[in-house]
Amino acid sequence: MKATIVGIEDKVDELLVCLDKDAQYMQESLLHLDEIRKLVIKRDEAALGKLLESIQAGAGGYRNHELSRKSIRKELADSLGCDLEQMTLSALQASLPEAKKDQVTQMKAKLRSLSAELKKEYLSTALLLSECARFNNLLLKGIFDLGKTQSVHYNSNGETRRQTDMAFVNLQI
């Protein structure tokens, strides 16, 4: 019984280290989102391209970290006799001694806080990018629709006539 409890506590320690790396990754993501917004506002395409390349390069390493977290979670679920889907931090807290329970509670609160902040920053970045796209579409529409009155003209026979006073090209002599 003691060996099982010690084994579970060791796995919890591994999980806490893994979750701390998750928290660091979330903090890096927050910095990346902030930097993306700054570079979009500055219209620095070269720096934005470099930043996006570095983000993509880092994503590969994080996948290995996710696999590690999932395997630790699976081992904990097996040790506690529950399904992998049921193995959450809340479920883990219920079966831990008080000292470990406090560590898990603190990590859970930290991850929740970072997750909420990441969600907010992601939304801010998405809104900025959508507004940039909307503004670009309005500019393009303004350029290409320049001179159009958006009204239909009919001649005396009731046929529509082609508008000849376009801004870019006027074929009427």
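The model is predicted, so local features need pLDDT of at least 70, side-chain atom pairs count only at pLDDT 80 or more, and totals for chains, interfaces and linings use all residues. Residues are numbered from 1 along each chain as its sequence is written, and side-chain values use heavy atoms, with hydrogens and water left out.

Visitor: What pattern does the chain follow along the sequence?
Guide: Helices (H or I, at least four residues) and strands (E, at least two) are DSSP runs, numbered from the N terminus. The chain has four helices and zero strands. Read along the sequence, the pattern is α-α-α-α.

Visitor: Is Gln 93 buried or exposed?
Guide: Gln 93 sits in helix α3, residues 89-94. Buried means under 20% relative accessible area, exposed over 50%, partly exposed in between (1.4 Å probe, protein chains only). Gln 93 has a relative accessible area of 12%, so Gln 93 is buried.

Visitor: Which residues does Gln 93 touch, not counting residues up to four places away in sequence?
Guide: Contact means heavy atoms within 4.5 Å. With residues up to four places away not counted, Gln 93 touches Lys 101, Val 104, Thr 105 and Lys 108.

Visitor: Which residues is Lys 100 in contact with, leaving aside neighbours within four places in sequence?
Guide: Lys 100 is found in helix α4. Lys 100 is buried, at a relative accessible area of 14%. Sequence neighbours within four places aside, the contacts of Lys 100 are Glu 9, Val 12 and Asp 13.

Visitor: What volume does the largest pocket have?
Guide: On a 1 Å grid over the protein atoms alone, a pocket is an open set of points where a 1.4 Å probe fits, with protein on both sides within 12 Å along at least five of seven lines. Grid points are joined across faces, edges and corners, and a volume is the space filled by probe spheres set on the points. For the largest pocket that comes to about 260 Å³.

Visitor: Which elements give two or more residues to the lining of the largest pocket?
Guide: Lining residues have an atom within 4 Å of a point. Among them are Leu 39, Arg 43, Leu 48, Cys 132 and Phe 135. The elements giving two or more are α1 (2-42), α2 (45-80) and α4 (98-144).

Visitor: How many disulfides are there?
Guide: A disulfide is a pair of cysteine sulfur atoms within 2.5 Å. Cys 82 counts as partly exposed because its relative accessibility is 23%. Cys 132 is partly exposed too, at 28%. The disulfide count is zero.
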